[in-house]
Amino acid sequence: QVQVVESGGGLVQAGGSLRLSCAASGRIFSSTYGMGWFRQAPGKEREFVAAIRWSGGSTIYANSVKGRFTISVDTAKNSVYLQMNSLKLEDTAVYYCAADTRSYGSVNTDTYTYNYWGPGTQVTVSS
């Protein structure tokens with residue numbers, strides 16, 4: 001069984017930065033696992049933000065965050081991070097960390113490929 005828990009959300013002004021953390025536990029993580037960040041704003045569907053292979057390679061980003069957000073992994077700490085810079089009002093959402101233990105090396109953007117999800121952390125960007 002795998003558990004992932006997010007932290008680091010909060011209230012920030014537009015143009016500011018936040019760093020989200022995702023702590024993974026429950027089993028030894030394979031380098032082939034994929035880790036993703038998703039977000040869901042009120043009244044909207046959950047959408048892909050960024051993903052990375054547990055080994056640290058093969059990152060992918062949504063166009064809306066490319067150049068502003070950076071995903072990274074620290075295997076020694078069993079953690080994945082999302083550094084968010086130049087935040088915009090439209091980045092306001094609940095952010096979810098997810099683990100894909102079944103795709104064996106590929107990095108995916110679809111929610112259905114991720115089989116373990118955290119409870120989410122709220123990010124609110126104010127003007």
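**Entry 1: the model.** I noted before anything else that this is a predicted model.

**Entry 2: the disulfide.** I searched the whole structure for disulfides and found one. Cysteine 22 and cysteine 97 form this disulfide, and I read 2.0 Å between their sulfur atoms. I then looked up where the two cysteines sit: cysteine 22 is in strand β3 (residues 18-25) and cysteine 97 is in strand β9 (residues 93-100). The two are 75 residues apart, and the pair links distant parts of the chain.

Which hand does the disulfide of cysteine 22 and cysteine 97 have? I looked up the torsion about the S-S bond, which is about -75 degrees, so I wrote the disulfide down as left-handed.

Are cysteine 22 and cysteine 97 buried or exposed? Buried means under 20% relative accessible area. Cysteine 22 has 1% relative accessibility, so I count cysteine 22 as buried.

**Entry 3: strand β9 and its partner.** I stayed with β9 and looked for its pairing with β11. Three bridges join β9 to β11, and the two strands run antiparallel. In this pairing I found tyrosine 95 opposite threonine 121 of β11.

**Entry 4: strand β11.** Strand β11 covers residues 121-126. I also looked up its pairing with strand β2 (residues 10-13): these two pair in the parallel sense, over four bridges. Here glutamine 13 stands opposite serine 126 in β11.

Next I asked which residues of β11 lie on its covered face and which on its uncovered one. I listed Thr121, Val123 and Val125 on the covered face. On the uncovered face I listed Gln122, Thr124 and Ser126.

**Entry 5: the open sheet.** I went back to β3 and looked up its sheet. Four strands form an open sheet here, in the order β1-β3-β8-β7, with antiparallel pairing. The edge strands are β1 (3-7) and β7 (69-74), and each of them pairs on one side only.

**Entry 6: β7 and β8.** Last, I looked up how many bridges join β7 to strand β8 (residues 79-84), and the count is six, in the antiparallel sense. I picked out threonine 70, whose bridge partner in β8 is glutamine 83.

Terms used: Residues numbered from 1 in each chain as written. Predicted model: local features only at pLDDT ≥ 70, side-chain atom pairs only at ≥ 80, totals over all residues. Heavy atoms only, no water. Disulfide = S-S within 2.5 Å. Buried < 20%, exposed > 50% of the residue type's maximum accessible area, 1.4 Å probe, protein only. Pairing = 2+ DSSP bridges.
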